[in-house]
Each structure stands twice: as C-alpha cells, then as structure tokens.
Amino acid sequence: MNSLRCPNCSSPVFLETLDCPTCSAPIGFHAPTRGFFLVGAENREIDIDGSVWVACSNRFWQCNWLADTSQPSGECRACRLTRRQPSNDDTLALERLADAAVDKRRLLVQLNDLGLPIVPFYEREGGLAFDLVSSRSGEPVTIGHANGVITIDLAESLDDYRETLRVKLGEVYRTVLGHFRHEVGHYYQNILVDTEERWAECRRLFGDERTSYSDAIARHYRYGAPPTWRESFISDYATMHPWEDFAETFAHYLHITGTVATAAGSGLILHADRVGFTGVGDIVARFSYADRTIEELLADWHWLSLMFNRVNRSMGLGDFYPFDLTEPVIEKLSFVHTLVTDARG
C-alpha cells in the first residue's frame, strides 16, 4: 500500500483510517483516485472530478469509503459487494464484520492496483460477491469459494479463535486477509485461465483440477502432506488439490506484491553499501512490477523479506515471511504473474 495522507494536515494515515489521528478530521477514502477527502461533521456532498460522493452509509460500522451518489443504496462499492452479512440485531457479529471488512477493502484496493477485473455479482452471474457470516451466530460456516461467492467466517477475526485453529492445523500463519487472498485466487483461476493453452499450462504446473476434490480432502486430512512437499509447494495446504495449490500460490503473489508496493510507497531503499549485500546493487522497491519479470520481483522480494524477517526478530516475533520459494514454486508464481499482467492489458 503506498503512502496515504490526511487531506487536512497531510499526516500519514492508514487505508482504514476514519478520523485523522493527528488533527481528528473525519476523512473518507475515494477508491478511484486512491486518496482521502474530508467528509465533515455531517455527511456533506463532495465533488470529485464532476461526480458527487458522500460517506458510505455503513460508516457507523467503520467503513471509511466514499459512495457515489448515483447509487441509491448509499453504500460504497466495497459494501455493495457483500451479498450476505449478519442480521441487524446481531451486534456482536456486526462488530466482527466491521473488522473483517477492513481486510476486504484492502483486498479490493490491491486488486484494483494490479488491474484485475472486478465484476460484481449483481451485474453478472458468477460475479464477485462476499458472504460475511459468523459461525458464532448459530449456523455452520465453511470458508470457501463457489461461483464467484467468497464466504468468510467472521469468527476468524477473533484472535484467540484464529490462533487456536492455526496451531491445530499446523499453519505458520493465519490471517483474515490471507483467507480473502486465497479465496479470491479460486475466483480468478476461473476468469484468467481462459484458453485451452493456459489450462494445459496450468495443469502441467499445478495438476489436473478435474480430479475428485472430495477424495483429495479425505486423503489430505487422513494422511497429511507428503514429507517432501516443501520441494514443490508453497504450503502444506497447497498439496491437497490442484485448486488449492493455485489459490495458495495466488495468495502468496498478493502477499508479495502487496508488501513490496507498501515498501515502495514508503520510499524504502536498501543501500548495498550499508547492508552488506554481496554482488547485489541497491534494492529499490517498486509500486508495480507489471512491466518486470517474476525474477526481478522475487529478487527484490528476497532481500526485502530478509530485512522484514530481521525486523520481526528484533521484536521477539517469528519471521515475517517464513516460506521457501523453490524453483517449482517460482515457476508457479511466474504463471500467476503472467496471468495478472496480461489481465492489466
């Protein structure tokens, strides 16, 4: 995420900021221009390039996006993508919705930055939609994707609940944003792999997705991943089925490009003469690698992630990015990179 600033005092703000922490000005995020605007004490209208915008009607539930007044619902584009959510009387679940929606909006900003198509479910059958519901509200919830609909269990926004599952499943990390990025990988596989040639290459790299998914699940949870999985897969879960391998790889592509873009927006440069790299020049993070090869992206990522790992360790935390990018994994990431950059046009 590149650097964002308060329109009133120019102080740095985060993508989810509602009120500037420095001057307390209420601000709203305008997705098309990727900037913040003052929304005022009341929901005043804001003219931006000839269009009229107001604060999203869900600002009470922590949405800081602006909504185009041409939309009768009063909701911003991000909120309109939510197909199902907790009932209005389920306030505890709605609090969790507010937390999870932050990650949903962060995902949408990144997808826009990458130039990926976002066609809503209300415009086309199979379009992108989010069912954000809680297993704590009395119904079973399975995180997943089906025909454009991404389902997220809002209970995952509870740190203790999510951490318990992470340890139980032996995962090195588990985040709500990670869930969003993984599930949207399923969505984009069906959109971006759009020719017989691409499907042939996809199956060569990830395996044949037409094999039984139910059998794959049963096998995975009975026997676990093969002992040599690290040689060819980004994660244990990626070994379960070709669909999951693609989605995990896509999620890591978003992890990497999103973090490097944030570093670029923060002006981060690793000076070779100061950090002691051997045979490597300065590492200058880029906001976009659309015109670069996967090798260039991952070369920068190697040194940046090493620096981030050191920062985490200095705080007594585990590695920021504890994953190995082997040659087979890099080849898969290269395939995803090609799909994404081609989608940009």
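Three helices, α2 (91–114), α7 (242–265) and α10 (327–344), each give at least two residues to the lining of the largest cavity in this structure. Keep in mind as you look around that this is a predicted model. Below is a friendly tour of its cavities, its nonpolar cores and its overall build.

**The largest cavity**
- A search of the whole structure turns up three cavities of 30 Å³ or more, and the largest of them holds about 200 Å³ of space.
- Its lining is made of 19 residues, and those closest to the centre are Leu114, Thr257, Ala261, Phe287 and Ser288.
- Which helix gives the largest share of this lining? That is α7, with five residues.
- Sorted by class, the lining of the largest cavity has nine nonpolar, six polar and four charged residues.

**The second largest cavity**
- The volume here is about 50 Å³.
- You can find the second largest cavity by looking for the residues that line it: Trp65, Arg77, Ala78, Leu81, Leu108, Asn112 and Ile118.
- Helices α1 (77–80) and α2 each supply at least two residues of this lining.
- Five residues of the lining of the second largest cavity are nonpolar, one is polar and one is charged.

**The nonpolar cores**
- In soluble globular proteins, nonpolar side chains tend to be buried together.
- In this model, the largest nonpolar core has 76 residues.
- Which members of the largest core touch the most other members? They are Leu108, Leu111, Phe130, Val184, Tyr188, Phe246 and Phe250.
- Leaving aside residues up to four places away in sequence, Phe130 touches Leu81, Thr82, Arg83, Arg84, Lys104, Leu107, Leu108, Ile150 and Phe180.
- Another core lies apart from the largest one; it has six residues, including Val39, Ile46, Ala55 and Leu66.

**The chain as a whole**
- The secondary structure of the protein chain consists of 10 helices and 13 strands.
- Of the 345 residues in the chain, 47% are buried.
- How does the chain's radius of gyration fit with a compact globule? A compact globule of 345 residues would have a radius of gyration near 20 Å, and the chain has 21 Å, which agrees.
- Along its principal axes, the C-alpha trace spans about 60 × 55 × 45 Å.
- Take the contacts between residues at least 6 apart in sequence: 53% of them join residues at least 24 apart.

How values were computed
Residues are numbered from 1 along each chain as its sequence is written. This is a predicted model: local features need pLDDT of at least 70, side-chain atom pairs count only at pLDDT 80 or more; totals for chains, interfaces and linings use all residues. Side-chain values use heavy atoms; hydrogens and water are left out. On a 1 Å grid over the protein atoms alone, a cavity is a set of points where a 1.4 Å probe fits but cannot get out, and a pocket is an open set with protein on both sides within 12 Å along at least five of seven lines; lining residues have an atom within 4 Å of a point. Grid points are joined across faces, edges and corners, and a volume is the space filled by probe spheres set on the points. Helices (H or I, at least four residues) and strands (E, at least two) are DSSP runs, numbered from the N terminus. Ala, Val, Leu, Ile, Met, Phe, Trp, Tyr, Cys and Pro count as nonpolar, Asp, Glu, Lys and Arg as charged, and the others, Gly among them, as polar. A nonpolar core is a set of buried Ala, Val, Leu, Ile, Met, Phe, Trp, Tyr and Cys residues joined through side-chain atoms within 4.5 Å. Buried means under 20% relative accessible area, exposed over 50%, partly exposed in between (1.4 Å probe, protein chains only). Contact means heavy atoms within 4.5 Å. The radius of gyration is taken over C-alpha atoms; the globule rule is 2.2 Å times the number of residues to the power 0.38.
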